[in-house]
Amino acid sequence: MSADSGWVESFPGLLVTMTTAGQVELFSREVLDYFGKTPEELQHWSMIDAVHPDDLPRVVAAFNESVTTGQPYSIDHRCRRADGIYRWFHIRALASHGEDGNVAGWFVVLTDIDDMKRAEEALRADIEERKRAEDALRRSQAFLLEVQRISHTGGWRYDLATDTVESSAEIQRFYDPQPGEDITKPPFWFDRIHPDERPRVEAMFAKCMTEKTDYQAGYRIVLPNGQIRFQYATGHPVVDDDGNLVEFIGASMDMTEHWQATNELHQASEALRELQTAVSEASQVATMGELAASIAHEVNQPLSGIITNASTCLRMLSGDPPNLDGARETVRRTIRDGNRASDVITKLRALFSKKEFTLEPLDISDAAREVIALSQSDAQKNGVMINADLVDDLPPVTGDRVQLQQVILNLIRNASDAMSGVDDRPRVLLVKTERETPSSVRVTVRDAGVGLDAQSIDKVFDAFYTTKSSGMGIGLSVSRSIIQRHGGSIWATPNEDTGTTFAFSVPIANEVPTNTNVSIEVKPFLPQPPKASENAGATGLKRDGSAQYA
Amino acid sequence: MTAGRQFIVVVDDDESVRESLPDLLRECGYAVGSFASAEDFLASSAVERTDCLILDYAMPGMTGLELQRELTRRGNPVPIVFITGNEDDSIRPLVVAAGAVDCLFKPFSERQLLDAVTTALKVA
């Protein structure tokens, strides 16, 4: 048999004619090419052989149905190519009828739909994947919204190019926008900030924009109804490929309940704290000789001023003509220095009263936690965030709870004061407790303040030494005495980046000396004659090189 | 000594000292400058034209003794009168051994101050 019907042979596709028995009679050239058969082979070949095994059952069923009924059949199935590769085809078979009306043969057209099939499958897979991704996104968004709601945290985004702000529902909820207010513009958000803190927050944000650095700030906002809420905001800069700032994204957490609870606790404990402070400061007793030297030093300063100013006054009045304005100024200074001497005596008098120590086993982390709670209100007023890293299962120390809390309070206050002038970085203070050695625990207070120079580090625990414009410089000296009384040591170390870390260690219970003598030495600030050692005045060096007084 | 009025510098971290001493010395006819720290003094142009230095012994940062050493190291042996509020007898021999003209303990009288300054200016 050969393709003697030219139109069949030249058909632009796969076309065969078949007998009712299924034998191939005529065929197009492309049939030979696709199946890789010679005309002779094709004559004796059943196309069923080329059907994919998985498709065979339904192909056979469809073919038999058509043969039985004489109806055309249409089916998609895979056919094996000469190289063994299966491709999808659409098979359409039409019966030809003889003059008697019976089926005389079949015209079968095979249309290659493999590319289209694969494209359909790929599209289906894409659609499935997209649906899965959309479902995951919906779940993630719902989860995020719920997390934001539970944690009172909202997200925001500031676009520099359009000068607009996007904000989540949660953050809008606690900023309470009113009709007519435009929440897409920065002024709305800055206008809510408490007037006392707005300059600081604006300056910090502007600096972060300029330097493309992360932003952190805690501050109060004032709502239209007068309510004050406390926010803690963080932000991160996003830059383009050229390093230009394009936007800031961030989160803002409403910490009002925490802040209010802290204030209430502070108010309830205010009287107790003042009593603790008074008792603690009144518990210091110095050896008479050293205290006399300390008093002499502090009183000699204003006395010297009085004598010098008085001498100057006499000279000025003796001048021709008398310098009355100058003389008045010297008299004013004389009165000032006299008052200063009086103040010194008044404050020093408070150091003379004796109080007994109350020694008991105590949890230093618990004691620190109480002090932190009492300190939160003042800290927040100063824009200071107190972070706590307190170990809960430290062995107890034997000590006077009030005295040790006074030391921690003093360190926290000093740390907060050290950051009072800081505007270019977060005012963060860390209080940490930890097991230092098998026989001691350590309390650390770390600030990000202005820091102490090397000379001040050596002297900072000396009585009357202070780097502050106000204050007598008693706090750290008393703190050192308290810690020494507990058999511990206290020291200060400059931080590698900014600020200072103050720390003290005390022995755990059963390691403390049993002497209950209440005498506490207040070391006067006396100049040290030069020594061979660089750390003049120190009794040793800590392992990190800072001076130690123990 | 330099031509014209002699120039005395007071270095003391105590503001009342920086107010009172210069006024008294100016009434006595001296030109006077004052600095709150040894570092500020060293960074100023006054170092080279100071005829007498009235120097607090104990200060935050660089102490009076350290400033004295630094001036000696620089080859600038300005006559120094130390002043101090600490009643420590070991200070006077210490600073005099290091080259100081005198050491006055606060509160000192006008006479004591002027005598020390006069002695220092003779050395200059």
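1. Ground rules. Residues are numbered from 1 along each chain as its sequence is written, chains are lettered from A and ligands numbered from 1 in the order in which they are written, and side-chain values use heavy atoms, with hydrogens and water left out. As this is a predicted model, local features need pLDDT of at least 70 and side-chain atom pairs count only at pLDDT 80 or more, while totals for chains, interfaces and linings use all residues.

2. Chain A overall. Chain A has 15 helices and 19 strands; helices (H or I, at least four residues) and strands (E, at least two) are DSSP runs, numbered from the N terminus. Of its 550 residues, 44% are buried. Buried here means under 20% relative accessible area, exposed means over 50%, and partly exposed is in between (1.4 Å probe, protein chains only). Take the contacts in chain A between residues at least 6 apart in sequence: 57% of them join residues at least 24 apart. Contact means heavy atoms within 4.5 Å.

3. Where the chains meet. Chain A puts 29 residues into the contact, and chain B puts in 29 residues. Between them they bury about 2,400 Å², with 52% of it on carbon and sulfur atoms; that area is the accessible area (1.4 Å probe) that two parts lose on being put together, summed over both.

4. Polar links across the interface. There are 10 residue pairs in polar contact between chain A and chain B (both at pLDDT 80 or more). A polar contact is a pair of N or O atoms within 3.5 Å; within protein, one must be able to donate a hydrogen and the other to accept it, and residues adjacent in sequence count only if both atoms are side-chain atoms. On the chain A side, α10 (288-318), α11 (324-349) and α14 (454-459) each give two or more residues, and α10(A) gives the largest share, 14 residues. That side divides into 10 nonpolar, 12 polar and 7 charged residues. Nonpolar covers Ala, Val, Leu, Ile, Met, Phe, Trp, Tyr, Cys and Pro; charged covers Asp, Glu, Lys and Arg; the others, Gly among them, are polar.

5. Salt bridges between chains. The count between chain A and chain B is 5 salt bridges, a salt bridge being a side-chain nitrogen of Lys or Arg within 4 Å of a carboxyl oxygen of Asp or Glu. One of them pairs Arg340(A) with Asp14(B), with the closest N and O atoms 2.6 Å apart.

6. Salt bridges within chain A. Over all chains, the structure holds 46 salt bridges. Asp112(A) and Arg87(A) make one (2.8 Å, N to O), linking strand β5 (residues 103-112) to strand β4 (residues 86-97), 25 residues apart. Asp112(A) is partly exposed at 37%, whereas Arg87(A) is buried at 16%. Arg369(A) also bridges to Asp392(A), with N and O 2.7 Å apart at their closest. Arg369(A) sits in helix α12 (residues 364-381) and Asp392(A) in the loop between β12 (385-389) and β13 (397-399), so the pair ties together parts that are 23 residues apart in sequence.

7. Cysteines. The count is 0 disulfides over all chains, a disulfide being a pair of cysteine sulfur atoms within 2.5 Å. Cys208(A) is buried at 7% relative accessible area, and Cys52(B) is buried at 0%.
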